[in-house]
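I opened my notebook today to look up a few things in a protein model. Come along and keep the picture beside you while you read.

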Amino acid sequence: MNDKQIHILIAEDEEFNYLYLAESLNDFNVKLYRAKDGLAAVEICRETPEIMQVLMDIRMPVMDGYTATKEIKKFRPNLPIIAQTAYAMESDRERALSEGCDDYISKPIKRKDLIDMVAKHAPLNCPLREISESNQ
């Protein structure tokens, strides 16, 4: 593919949720990475400077998403981290933001909302674009 790709880490322990997010972004200029727990998310962000944003599940094994976010922000303070959680109350959004997340999306995640959120946090020099099959 000729277009620049947006490198996104999906921190998600549930297989179905990961597959849904990956499939939702399949038609766009993204390269996906996966972490199945918060500790793995921290390690991948530390070892992969190409990552441009993180979709962070809050409830994960080993290390929860809030703790992982705090750890990542210590060495990548400008990396956009989007909390994704089944909790949908306003207080949950406020907590995600106060814990260091840059944005918040509630489950079940609608494809359009996901695309809008990824586009919002895409680097200016690498906007989210649909890719045609001839470019893949």
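Predicted model: local features only at pLDDT ≥ 70, side-chain atom pairs only at ≥ 80, totals over all residues.

**Entry 1: the order of the elements**

I began at the N terminus and followed the chain, whose elements run β-α-β-α-β-α-β-α-β-α. That gives 5 helices and 5 strands. For these I used DSSP runs, numbered from the N terminus: helices are H or I with at least four residues, and strands are E with at least two.

Residues are numbered from 1 along each chain as its sequence is written, and side-chain values use heavy atoms, with hydrogens and water left out.

**Entry 2: the chain as a whole**

I looked up the radius of gyration, which is 14 Å; this agrees with the value near 14 Å for a compact globule of 136 residues. The radius is taken over C-alpha atoms, and the globule rule is 2.2 Å times the number of residues to the power 0.38. Along the principal axes, the C-alpha atoms fill a box of roughly 40 × 30 × 25 Å.

How much of the chain is buried? I found that 48% of the 136 residues count as buried. Buried means under 20% relative accessible area, exposed means over 50%, and partly exposed is in between (1.4 Å probe, protein chains only).

Next I looked at contacts, meaning heavy atoms within 4.5 Å. Among contacts with a separation of 6 or more, 63% come from residues 24 or more positions apart.

I also noted the charges: 18 positive and 24 negative side chains, with the centres of the two sets 3 Å apart. Lys and Arg count as positive, Asp and Glu as negative, and His and the chain ends are not counted. Each charge is placed at NZ of Lys, CZ of Arg, CG of Asp or CD of Glu.

**Entry 3: the nonpolar cores**

In soluble globular proteins, nonpolar side chains tend to be buried together. I went looking for nonpolar cores, which are sets of buried Ala, Val, Leu, Ile, Met, Phe, Trp, Tyr and Cys residues joined through side-chain atoms within 4.5 Å.

The largest core has 23 residues, and Leu9, Ile51, Val54, Met56 and Ile72 have the most contacts inside it. The elements that give two or more residues to this core include strand 1 (6-11), strand 3 (53-57) and helix 3 (65-75). Helix 2 gives the most, with 4 residues. Apart from this core lies another, of 20 residues, among them Ile6, Leu55, Ile82 and Ile115.

I picked Ile81 first, in strand 4. Is Ile81 buried or exposed? Ile81 is buried, because its relative accessible area is 0%. Leaving out residues up to four places away in sequence, Ile81 touches Val54, Met56, Thr69, Ile72, Lys73, Cys101, Asp102 and Asp103. The C-alpha atoms of Ile81 and Leu55 are separated by 6.1 Å, though the two residues are 26 apart along the chain.

Beyond its neighbours within four places in sequence, Thr69 is in contact with Met56, Ile81, Glu99, Gly100 and Cys101.

Then I turned to Ala35 in strand 2. Ala35 counts as buried, at 0% relative accessibility. With residues up to four places away left out, Ala35 touches Leu9, Ile10, Ala11, Glu12, Ala40, Ala41 and Ile44.

Most residues other than glycine have a negative phi, and most peptide bonds are trans. With that in mind, I checked two spots.

Which form does the peptide bond from Lys107 to Pro108 take? This bond is cis, with omega near 0 degrees. Pro108 is found in the loop between strand 5 (103-106) and helix 5 (111-120).

Val62 has a positive phi, near 70 degrees. Val62 lies in the loop between strand 3 and helix 3, and it counts as exposed, because its relative accessibility is 66%.

My last stop was Asp113 in helix 5. Asp113 is partly exposed, with a relative accessible area of 37%. Asp113 and Thr48 are 65 residues apart in sequence and 26 Å apart in space, C-alpha to C-alpha.
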